[in-house]
Structures are given as C-alpha cells and as structure tokens.
Amino acid sequence: MRATGFCSHGGMAETRGTRYVAINQNERFIVLRRRTGRVTLLVSALFLVWYFIFVVACVFARGLMGHRLAGHLNVALVSGLLQFVSTFVLARRYSRYSREALDPLKAQVIADAAAPERVR
Amino acid sequence: MSAVSGDARALTFALLAGLVCVTLGITFWARSRTHGAADFYAGGRAFSARQNGLALAGDFMSAASFLGISGIIALSGYDGFLYSVGSLVAWVPVLLLAGFLRNAGRFTLADVPAYRARRPEAVRIAGAVSTVTVSVFYLVAQMVGAAALVALLLGIRPGTTFLGMSAGTAETVTIVGVGGLMVLYTAYGGMKGTTWVQIVKTVLLLTAGVVLTGLVLGRFGFDLSRLLGSAARRSGHGDAFLRPGLHFGRDLAGHPGRTLAGKLDFVSLALALGLGTVGLPHVVGRIFTVPDARTARTSVNWAIGIIGGFFLLTLALGFGAAALVGRDQITAQDPAGNAAVPQLARELGRHLAGRAGGDLLLAFVAAVAGATILAVVAGLMMAASTSLAHDVFGHVLMFGRPRERQELAVARVAAALVGAVAIALSVFARGLNVAVLVGLAFAMAASANLPAVVLSLFWRRFNGTGAVAGIYGGLLTAVVLVACSPVVGGRFAWFPLENPALVSIPAGFLCAVAGTYLSREKPDPARFAELSARALTGVGAS
C-alpha cells in the first residue's frame, strides 16, 4: 500500500473501506485496541499525576521542598531529578511493552488482513 | 571593560560563517536528492531512529533553552530548572502519540482530525490556521531572542556601535538576515535539508554542553554539593537559591491575591510546557520523516535521552555560571541572564589557557548558539509552509487532487511568505519577553491542537464540527486571555495570569465536545473504524 499515488482518496476507497471494517471485526484487533487503550491511559495518568504533584509542591509546599537531605542536596532538587528518572523509566517501559506485547499482535492482525479468508 | 574583545568577535564571526557555509552545502546537497512531496515534506520518510531523535531534540533545544534556561538558573537558581523539568516530561505524551500519528497522518497535524470529518476542508483550514499561528509566535520568539543574542555576543551594547550600527539597527539587521537565510534553507532544502542541519547542530550543541560541564565540574573536584553550595553563596540568595520561589510564584507579603495569581500562573505555565509539545507543528512534522510507527517511537526515545541529558547539563552550566561568573557580572552584561553561558565559557577558557583560551571557548559557544537559532527557525518555517501547501492548497483549493509539482511550488512560496510575516512581526516585537512568547506558543499548541488530535484518535462519537470548534475555541481562548493579561496590560487587563493554559486547555476540550454534540453532523462509524485500524496497525499508512 505504499504507492497509492499522490492523492490519498483515490478510486480504491470502497475496497479499502470494507477492508478496514474487516480489521475492526477481527478479534485480535479488538484485543490490540483494548490493550493499547489501557496502556496509553495508564502511562498518561502516571505522568500527569506525578508531574502535577511536583508542580503543586513547588509553589504550595516550599517548606517541604527546601528540606535538606545530604550536603546541599534538598528535596526540591532530588524530586526534580526524580522527574527525569521517571520520564526515562516510563519511556523505556512503554516502548518495551509496545515492542513485546503489542507489535506481535499487530503483525498478526496485518497478516489476517492480507489473507481475510483465514480469519475465523 | 568591553565585554567581548575584538579577537573573540572576529573568531565568532569566522566560526559562524563557517557553520553557515556547511549548512548551505547540506541544503544544496539535499535539494539534489529531493524529488517529490514525500521528500520535500517528510525527507523521504527514510531517516533512522537515531537521526530523527537527534533532529527532534534539536528542534526542541533552541537558543532559548540553551542560553535562556541556564541564564535563569544562574540568576534565580532552582526555578530555572523547572523549565527543564516541564520541557522533558512533555515528551511522554509525544511518545504515546508518536506511533498513532505516524500511522494515521501523512504530513501535517490536520491530517488526523480531517479523517474524522464528513467535510474535511473546514478541519484542514482550522488546522492550518492554528499551525501557522503557533509557528509564527514561536518564530517571533526565536528571532527576537536571536537578535538580542547576536547583539550581546558581538558585544554591541546600547549606546555603542559596531560597523557603524547601533544595537537597535544591528538587531533589525540580524532579524532580517536570519529570516532571509532560513527562507532559503526551507524553500530550497525542504525537510531533508532542515533535518540534516538540525542533526549537525544538535551534535555541536551537545559537544559544547559536555565540554563546558566537564570543565565546570572539574573546577569543583566533581563534587556536586560543593558546586551547589558555592553557587548559593555567590548568588546572594543563600539557601533560597536552591529552593523553588525566586522566579515563579513569589510570596508577596501583604498581597495574598497577587501571590495566589503568581502561583497559579506557574501551574499554568507548567501545564502548557507539559502538554504543549505534542501539539507543536514542527515536532509533529518530524514524526512523519521515519519509515514506520516503531521507528517513530524509537526516535522519540532517542530524543528523550538526548533532551534529558542536555537539560541536566544546563543545570550544571547555570549553577556553574552563578558560582564562577557571579551575579554582578552576569547582570551587568544582560539583566535577563542570557549571556551567562558565554560568560561562563570565557571564564573557564581563561582559567585553562589564559586570555586566548577564553576567547576561543567564548567564540565556540557563541557560534554554536548562532547555529542553534538558525536550525530552529528553519524547522518552524518548514512546518508552517507544509501546512499551507498541503492542507490549504492541496486539499482545500485543489480538492485533494493537486499536481505535485504545483503543490511544492506553493510550499516554497509559502515559506517565503511565512518568513516575511515573521520578520515583520519580529522587528515590531523586539522589546517583548522571549520566555513569555515561548510559553504562549506552547499554551496555544496545547489548547488548539491537542484536543482535536486526541479526540479524533480515541473518541468514537467525535466529528468534524467538533474538531473545528476545538481548534478555534482553544486558539481563540488562549489569544483573548493573553490580550487581557498583564503581558499586554492596559485597561482590559482583567485576566490575572500571564500564561492562559490553565483555562484555555480545558476550554479547547470543552469546545470540541460541545461542537460534536451541538452539530447536526452525524458521527461516521466507518471513518472511526478506518482511522483506528490505520493508527493501530499501520495498514494503508503512507
């Protein structure tokens, strides 16, 4: 499907439309959609909540943020650096989940779409 | 004492001229390998994950972040770091959406919501309006910043002249020069050219950051706590320098209302930074330059690693400047602290190898900052001209069936047009605060673009009217609130926050939902089926 011409909505719209409906009815696709939705929601929620706590603490909990931990390192600096760490970890984990749990499922859906008679 | 010696100035010029020659060479080379729309708009979709990661990071690490953030850290300490945190965490939503966008879109942000509309033309126009508005705001911020920086780096202060130019004239000349050069890069080299320019610049910027950080830490025996203590002592703020509260949401005794407004203003800015990146047209445009969704995700991972590392370096540079250059010298050069890193470079070089060493390191950092400005401006122009040519000309004026050659010609003309508008606005906006302008561009991107993209990917009931309402609603709310904010001032300044994101992002989502339910446009299940199948599997993606 790479070379469908420059115009994306050519005369193939009808056959393409039915193919997409078929993909949507594939059970594997339904699982893929549910898992993708769940992991996207989970990662978004983790990111938003953790970042928001940090932001609010920066303006409304300054006593806590100024508390010294070791030498000149205080809670503010450590929690800021933890935002970096959590971003790296979250990105890594999400990518690994996509690669290991979602991509194989996706490959099966694509294979099913290429040979529709084999589905169910 | 003149801030910049003649030798350093000549050296800076020579290095910058060399860099411009290299990037022009890249541009001409890219032109000879650009044959068609996918090449021009998306660099042939052939960049590797690492290449695109470097370019994405480069688009994001502007001179504003390199010099601006370290400058704020050098003067206000911890609060400058908050910009870095917000800018980095913002890449989590980019990572989440990158794969879907790569599969579902072709060249622009508007590609995705346009899929859900029965009459996609209106969505495309709305998408182009928001893309051009956000890009032009961001462009003006970059060029105004560039002008101030060049004057600073060349040592032209108010009242003195350089080659017969006063500071004001030199700034105008810089704006016109940078803008004109970048129109040439964009119109001529397309996405291939701008991406390679961006990659070269990112490598240079990282090199500069690593070298300077190594030198700073070396001065403190690689003891972070000693660096922090020394910075706090010389800042004149003591321990408060290492805590939040010197720059954002200051506690004003006796003014509880204004104190609260300042704090909410910071929350608003943090929200804009965290959610705006994924709506920035030039960031989204880069996602289409790789072959598939998996490469898109990997490239965002590269970008996260690079940007995270870079912002950690700016932390060391900012505290290093506070400790080694000192507050008085930094503010004497520039009250906003934008010159702190070049000053730090000179101090480190001088300590290492005398005056010549200082001049050399200063010239290197100044030239890298110059290259950074050029590359970011080119990326922004690319995004705006792509949207005008692909969305407005190709899909609206030519009903989705343009001649490819015509559309590319339009893209090149559009680049010149956007460049001219940005140059004109920048000359008028010279006095505006760059950080506020950038925060505003992020707020508009988050309010106008995020709701339309997210809802078209995940909400079955969504339709074209909702997309149009969301884009215009979010954009207008942001613009109106800024016009009535203390930034603009005047009699109508009833809105207490400088950054509108806290109100305008929910407003964007609300308008999108309201538009969907209030319109008579029926939802189209087949379109949602097609879009979600494409977004999740990549079947039929170009």
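Predicted model: local features only at pLDDT ≥ 70, side-chain atom pairs only at ≥ 80, totals over all residues.
The contact crosses between chains, running from helix 4 of chain A, which holds A:Asp103, to helix 13 (residues 293–324) of chain B, which holds B:Arg294. B:Arg294 is partly exposed, and its relative accessible area is 43%.

## Salt bridges of B:Arg124

B:Arg124 counts as buried, at 7% relative accessibility. One of its partners is B:Asp391, with the closest N and O atoms 2.6 Å apart. B:Asp391 is buried, with a relative accessible area of 0%.

B:Arg124 also forms a salt bridge with B:Asp111, where the closest N and O atoms are 2.7 Å apart. Here the pair links helix 7 (residues 111–115) to helix 8 (residues 120–153) of chain B, so the parts tied together are 13 residues apart in sequence. B:Asp111 is likewise buried, at 4% relative accessibility.

Over all chains, the whole structure contains 13 salt bridges. Through shared partners, A:Asp103, A:Lys106, B:Arg294 and B:Arg297 are joined into one network.

## A positive surface patch on chain A

A:Arg92, A:Arg93, A:Arg96 and A:Arg99 form a positive surface patch. Of these residues, A:Arg93 lies in helix 4 (residues 75–114) of chain A and is exposed, with a relative accessible area of 54%.

Terms used: Residues numbered from 1 in each chain as written. Chains lettered and ligands numbered in written order. Heavy atoms only, no water. Patch = residues over 30% accessible without salt bridge, like charges linked within 9 Å, V, L, I, M, F, W, Y side chains within 5 Å. Areas by Shrake-Rupley, 256 points an atom, 1.4 Å probe, with all protein chains shown as cover. Salt bridge = Lys/Arg side-chain N within 4 Å of Asp/Glu carboxyl O. Lys, Arg positive; Asp, Glu negative; His and termini not counted. Charge placed at Lys NZ, Arg CZ, Asp CG, Glu CD. Helix = DSSP H or I, 4+ residues; strand = E, 2+ residues; numbered from the N terminus. Buried < 20%, exposed > 50% of the residue type's maximum accessible area, 1.4 Å probe, protein only.
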